[in-house]
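Please keep the sequence and the three-dimensional view at hand while reading.

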Amino acid sequence: MLTTTLDTQRLRLRRYKPEDLQDYWEIGHSDYEIIRWLTGASWPPLRSELDTVAQFALNADPEIDNFPFAIEHNGALIGGVEIQKPGDLKEFPELPTIGYWLSQKAQGQGFMVEACVAALHWGFSREACDVFGARVFATNYSSQKLLKKLGFEPAGVCLRYSKPLQQDVENIIMHLPRDRFEALHGDAHVMMGAAL
Ligand SMILES: CC(C)(COP(=O)(O)OP(=O)(O)OC[C@H]1O[C@@H](n2cnc3c(N)ncnc32)[C@H](O)[C@@H]1OP(=O)(O)O)[C@@H](O)C(=O)NCCC(=O)NCCS
């Protein structure tokens, strides 16, 4: 059974709880500065949409489903990171992907690098794959900076319809080879011991 709690130096990644819903709404789902960079959410925000996301998050099977981790700092929800099974990248249908968001207040402190390193160790182990993928808007420079720190490299471009922006947006497709990730951020089994 895969663990669903990952502790890092400053953070805990864990399964979402029903009590997270209000905070998720306030610090993430109803903040345009977060939602404008994600393709799937409506703007203006809909509580019913968040309820659907939350229902899935609460019941996700860590062995096979897209698995969203809540990111907690000092006991408070500050964001989320999701390990997604292959399917998001039509151009690379075999690759699992990663998605993430951080509350505005929590940005600029290196929390997302820390969270993504833990989530990717978990993800590489679950998917047993050699490469992870990601997709980022061509104008999302802070996310591109983060992906580069993790070891991702550009691998192509694509157009995707953005629900909040209601238009097609140019995206950069990024690849993270497992050996490059482990050279930069350690080996999963060493980092996480028996937890995997
Ligand atoms: C993308 C996003 C997660 C990046 O957040 P972030 O806080 O900038 O990410 P990081 O964890 O990499 O933090 C890096 C910043 O923390 C700073 N920092 C401070 N203390 C640090 C520490 N101990 N370790 C590392 N970095 C630290 C870094 O200098 C860097 O700041 P800089 O960009 O001004 O140089 C955030 O902007 C976000 O949620 N955006 C909206 C949603 C989104 O775009 N999702 C991704 C779609 S592809």
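## Basis and terms

A residue is called buried if 20 or more other C-beta atoms lie within 10 Å of its own, exposed if 12 or fewer do, and partly exposed in between, with C-beta atoms placed from the backbone. Helices (H or I, at least four residues) and strands (E, at least two) are DSSP runs numbered from the N terminus.

This is a predicted model, in which local features need pLDDT of at least 70 and side-chain atom pairs count only at pLDDT 80 or more, while totals for chains, interfaces and linings use all residues. Residues are numbered from 1 along each chain as its sequence is written.

## Annotated region

An unreviewed UniProt entry lists residues 11-179 as "domain: N-acetyltransferase"; such annotations may be inferred rather than shown by experiment. Over residues 11-179 the chain is 33% helix and 32% strand, with the end C-alpha atoms 25 Å apart.

## Strand β5

Six of the six residues of β5 are buried. Thr97, Gly99 and Trp101 point one way from the strand, whereas Ile98, Tyr100 and Leu102 point the other way. In a regular strand the side chains alternate between the two faces of the sheet.

β5 pairs with β4 (residues 76-84) in the antiparallel sense over six bridges, where pairing requires that DSSP finds at least two bridges between the strands. Opposite Trp101 in β5 stands Gly80.

## Nonpolar core

A nonpolar core is a set of buried Ala, Val, Leu, Ile, Met, Phe, Trp, Tyr and Cys residues joined through C-beta atoms within 7 Å. The largest has 41 residues, of which Leu13, Val81, Ile98, Ala115, Cys116, Ala119 and Leu120 touch the most other members. The largest share of this core, nine residues, comes from α4.

Leu13 lies in strand β2 (residues 12-15) and counts as buried because it has 24 C-beta neighbours inside 10 Å. Leaving aside neighbours within four places in sequence, Leu13 is in contact (C-beta atoms, placed from the backbone, within 7 Å) with residues including Phe69, Val81, Ala115 and Ala119.

## Ligand shell

The shell around the ligand holds 19 residues, and Trp37, Gln107, Gly110, Met112 and Ser143 come nearest; a residue belongs if its C-beta atom, placed from the backbone, lies within 6 Å of the molecule. Two or more residues each come from β5 (97-102), α4 (111-127) and α5 (141-150). α5 gives the most, with four residues.

How values were computed. Contact = placed C-beta atoms within 7 Å.
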